[in-house]
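Work through the following exercises with the sequence and the model side by side. Try each task yourself before you read its solution.

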Amino acid sequence: MSTALLAPVQALVASSTTTTTTSPASSTGNSGVLGQANQVAAQVDQGGGWLYHLLVKLGVSPDTASTVTDLIVRPLSILIVVLVAALVARYGAKFIRRLLTRVADKAAARSGSTRAGARVTTMSSLAANMWRLFVFVVAGAIVLGMLGINLTPLLASATIIGATLGFGAQQIVRDYFSGALMTMEDQYNIGDSVTVGGVTGVIEDVTMRVTRFRGVDGTLYVIPNGDIRLVGNLSRGWARAVCDLTLPGEAATDMDTVRSVIEGAAHEVAQRPEFAGHVTEPPQVVGLFAADATTITVRVMLLTVPSQRDPLRRALREAAIVALARAELWPADPATPGPAAAPPGR
């Protein structure tokens, strides 16, 4: 009776003992499968790409397939990157040259500058070189990545340094961009008379960052290109020699005589040999331009080229004053002789 009752317990113990005995073998089998999987994964990591897997399927060992891949696929990929970079750099530079030439030709046509061709050539070459440098830097980074070089630390350092320099030198960057745009648009050249910031002078030097011009009194002004907002170019196209003459108020009683005298003097100046080839229109006497309680102002103008504006204005003023003095219409405020001063008493 007791033996019959203990039989199931003995069978259960025997089953557990059998399971315990066979479990190491099972564990050994499982570890063998995992080891094979890890070995296959390691083999796959040694190579990659379609050529590597094709060679492995054809029965080539993973080491040989990885070597063939490194010797064929990787150099071929690097060669393709270099060829694509060369094509992008070449045709991109051509496109930049054409675009800058088109923009600069329109600006030169408006300004009439004779130096526009040289400036276009210089700026287009500079922009094309910058484009080539950018393309080859990017291509070099791609090639280094294909060779297995980790660029993350380098790019992180370059980003931090670039952000720092960009934030600290943003004024300089703005000056260079403004200088490039002004050069492309041909706003002014060396030798042009300009007015910048209320100061008139002659341009002596223009760089990508600053513009140097000398004032009438000889002062040399240096201004960053980024700070130039309004430029008055006095040397482009045509100009007017404007002369304002102040006469006594009594001259207003005979304005026809005043106009006739000033117009005759202006015609005489316009016919002089040094000015005859530069005066493009007859003199224009505007007439009464301003007046107050004691004087009147008469304006006369001559259309000419920019280079002859100041000499023509000086000659026109001198000739008009001489003619008005002969007509007894000058000076504007004649001094009346007063009584002789008595000698000081002793």
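**Exercise 1.** Decide whether Tyr221 is buried, partly exposed or exposed, and then classify the ring pair that Tyr221 forms with Phe213.

*Solution.* Begin with the cut-offs, by which buried means under 20% relative accessible area, exposed means over 50%, and partly exposed lies in between (1.4 Å probe, protein chains only). Tyr221 has a relative accessibility of 29%, so Tyr221 counts as partly exposed. Phe213, in contrast, counts as buried because its relative accessibility is 3%. Next, recall that rings of Phe, Tyr and Trp (its six-membered ring) pair if their centres lie within 6.5 Å, and that planes under 30 degrees apart count as stacked, over 60 as edge-to-face and the rest as tilted. The ring centres of Phe213 and Tyr221 are 5.4 Å apart and their planes stand at 20°, so this pair is stacked.

Keep in mind that this is a predicted model, in which local features need pLDDT of at least 70 and side-chain atom pairs count only at pLDDT 80 or more, while totals for chains, interfaces and linings use all residues. Residues are numbered from 1 along each chain as its sequence is written, and side-chain values use heavy atoms, with hydrogens and water left out.

**Exercise 2.** State how many aromatic pairs the ring rule gives, and classify the pair of Trp131 and Phe134.

*Solution.* The rule gives two aromatic pairs. For Trp131 and Phe134, the ring centres are 6.0 Å apart and the planes are at 35°, so the pair is tilted. Both residues belong to helix α4 (residues 116-146), where they are three residues apart, about one turn of the helix; helices are DSSP runs of H or I with at least four residues, strands are runs of E with at least two, and both are numbered from the N terminus. Trp131 is partly exposed at 27% relative accessible area, whereas Phe134 is exposed at 51%.
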